[in-house]
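Visitor: Please take me through this model feature by feature, with the general idea and then the case at hand.

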Amino acid sequence: MGKPTGFLEYKRETAKVSAPKERIQHFHEFRTPLSREKQREQGARCMACGVPFCQAGMMIGGMASGCPLQNLVPETNDLVYTGNWEQAYRRLSKTHCLPEFTSRVCPALCEAACTCNLDSEPVATKENERAIIETAFEKGWVKVQAPIARTGKKIAVIGSGPSGLAAALLLNRRGHSVTVYERKDRVGGLLRYGIPNMKLEKSVIDRRVKLMEEEGVTFITNTDIGKDITAEELLKKYDRVILACGASNPRDIKVPGREGKGIYFAVDFLGMVTKKLLDSNFRQVPYELAQNKHVLVIGGGDTGNDCVGTAIRLGAKSVTQLEMMPKPPVERAANNPWPQWPRVLKTDYGQEEAIAVFGHDPRVYQTTVTEFLLNKKGEVSQAKIVKLEPKKDEKTGRMNMVPVEGSEKVIPVDLVLIAAGFLGSQAYVTDAFKVKVNGRTNVETLPDKYETSVPRVFTAGDMHRGQSLVVWAIREGREAARAVDASLMGYSNL
């Protein structure tokens, strides 16, 4: 269980982070990991609780508590403490096939459910996970695991995001022949073009993809299923198809002036920046997108924060981030007890950088846009914003955010980034395969199942459960792989 008194002897410590004004000068990761000895101390803090909520992955109060992958957290933390790094990697690999991604971008549901949260700080499990997988790569323990024999079964995975990669990796190792189709020019899906490089270096994706290719997975890029290849063609060629295309239908802001130039969906903008950087091997930075511009980010989640950090790196004159909901409390409210996910104020790297550069937090709470004002060239030049207040709907009893009369205001805006979330799957794909979708346009299956209404067609990830976290996408990919394997072989040992 680590060290019995470790949580009393050692304080929580994580990777050293570059100062905001230093890190905004580049688009690379800015965290310096702890030394192995320091990391062992973090493993020593794990209490090996009688009921380890950290690895439960269960729903409490409508939100996930603990790791959805059900990683064996106390065991891996103990192995970090004792310095058994190779065994820690083997243990982590039993439940997790892509820890190099979650250890960088996951909000650490495991840490939020850590018992140490009751009167101290949680064990640095996410940091330990990153140390385990990076040590494994460094020492050469992450090897090509090509199957000894092939089953003769062929599977097409549509989408190369985290769920598609997880499903493809496991099914290939099982012995099936797997081809992954990606509509973009590079493999990775959301990992590649939805998450900025400073948060997830794209070389980390390339490293894993290279391993998967050596194991026998085939990747085909620049191919849009439903447009370039028909669903009928795929079903004729492959024994099973997995739809893992994500919830890529962005939620729009439908107000006057929305047609103006200079208004982008957040993921499109982040993708443009990343593509320019990758195409030029980081020699060309697309400063022209935001330099000396007043930037308005609409949406307060992770993607909104990524837009703030990206705009600052591109030389924005100012950055304002609108959030419709009230400002969260600094500490847990009475109706949000441990081990529920803490609904508390979080200041992420982008907001930290805005505070350092502009002297204030970019977030403006309980505010939304009512109109975009355009100049003679049709470019956005201003935005009308209004304050909101919670008000109970007399008929439904629901609380709605409604405009506060007389609170309208006009602010200068040259670039608008809409980070208001996603509405579900894209119709041209679901229509092509004729699969049933639910009211949110997510592909419909039976509860806890992955086969769609169309025989031999399965689904996983955000396309199945709606917009969610990378860790949930990986779990879905693993579960879908098991379901596909069982449907082909009559049983599954995945």
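**Reading the model**

Guide: Let's start inside: with five residues, α8 gives the most to the lining of the largest cavity. Helices (H or I, at least four residues) and strands (E, at least two) are DSSP runs, numbered from the N terminus. This is a predicted model, where local features need pLDDT of at least 70, side-chain atom pairs count only at pLDDT 80 or more, and totals for chains, interfaces and linings use all residues. Residues are numbered from 1 along each chain as its sequence is written, and side-chain values use heavy atoms, without hydrogens and water.

Visitor: How many cavities of 30 Å³ or more does the structure hold?

Guide: A cavity is a set of points on a 1 Å grid over the protein atoms alone where a 1.4 Å probe fits but cannot get out; lining residues have an atom within 4 Å of a point. Points are joined across faces, edges and corners, and the volume is the space filled by probe spheres set on them. Here there are three cavities of 30 Å³ or more. The largest holds about 190 Å³ and has 21 lining residues, with C67, N71, C110, T125 and E129 nearest its centre. Besides α8, helices α4, α6 and α7 each supply at least two residues of that lining.

Visitor: Which residues lie nearest the centre of the second largest cavity?

Guide: They are C46, C49, C54, C114 and T115, out of 14 lining residues. This cavity has a volume of about 90 Å³, and α4 provides the largest share of its lining, three residues. By class, Ala, Val, Leu, Ile, Met, Phe, Trp, Tyr, Cys and Pro count as nonpolar, Asp, Glu, Lys and Arg as charged, and the others, Gly among them, as polar. The lining of the second largest cavity has 11 nonpolar, three polar and no charged residues, while that of the largest divides into 11 nonpolar, eight polar and two charged.

Visitor: Which residues of helix α4 are buried?

Guide: Buried means under 20% relative accessible area, exposed over 50%, and partly exposed in between (1.4 Å probe, protein chains only). In α4, residues 73-81, the buried ones are V73, P74, T76, N77, L79 and V80. Among the elements covering them by contact (heavy atoms within 4.5 Å) are α3, α5, α7 and α8. Just past the helix, G83 has a positive phi of about 80 degrees.

Visitor: In what order do the five strands of the open sheet stand?

Guide: Two strands pair if DSSP finds at least two bridges between them. The order is β7-β6-β5-β8-β18, with parallel pairing. Strands β7 and β18 each have a single partner, so one side of each is left without a neighbour in the sheet. Within the sheet, β8 and β18 pair over three bridges, and L243 has T459 as its bridge partner in β18.

Notes: On a 1 Å grid over the protein atoms alone, a cavity is a set of points where a 1.4 Å probe fits but cannot get out, and a pocket is an open set with protein on both sides within 12 Å along at least five of seven lines; lining residues have an atom within 4 Å of a point.
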